[in-house]
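Here is a briefing for someone meeting this structure for the first time, with the sequence and the model shown just below.

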Amino acid sequence: MLRANETDKGGKKEVEERVDSALMPKEEGLEEILQRADGLRLRTLQGIVNILRPKQCIHFLIAAAELHLRLHEWGKKRDTSRRVNEGTYSDEGTIHDLSTSR
């Protein structure tokens, strides 16, 4: 909803307020969904660990952690690449609207 070429701070604030007011009534439901998803992940992990031998558990947990870390790193690189392509990213990792300085 926020455009990189939007320079009006008042406009950005208005959009942020509209987004916040739209999400506020859904906040409790979203929190419940996250809690249920966490519970499902935990039960799934416990189920997997219960059927594996100890050495297999170690290998599984290491692989799961590596997958998580690599997906996280991939996501950060993808976000950075998108910001660079949109012209809103600087070398220091902060977001700037570079469209006005061209």
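Leu52 is found in the loop between helix 2 and helix 3 (54-86), where helices are DSSP runs of H or I with at least four residues, numbered from the N terminus. This is a predicted model, in which local features need pLDDT of at least 70 and side-chain atom pairs count only at pLDDT 80 or more, while totals for chains, interfaces and linings use all residues. Residues are numbered from 1 along each chain as its sequence is written, and side-chain values use heavy atoms, with hydrogens and water left out.

- Leaving aside its neighbours within four places in sequence, Leu52 is in contact (heavy atoms within 4.5 Å) with Cys57 and Phe60.
- Ile33, placed in helix 2, counts as exposed because its relative accessibility is 54%.

**Overall fold**
- Of the 102 residues of the protein chain, 8% count as buried.
- Among the contacts in the protein chain with a separation of 6 or more, 22% come from residues 24 or more positions apart.

**Confidence**
- The mean pLDDT of the protein chain, the predictor's confidence in each residue from 0 to 100, is 83, and 75% of the residues reach 70 or more.
- Confidence is lowest in helix 1 (residues 9-23), at a mean of 83, and highest in helix 2 (residues 27-51), at 94.

Methods
Helices (H or I, at least four residues) and strands (E, at least two) are DSSP runs, numbered from the N terminus. Buried means under 20% relative accessible area, exposed over 50%, partly exposed in between (1.4 Å probe, protein chains only).
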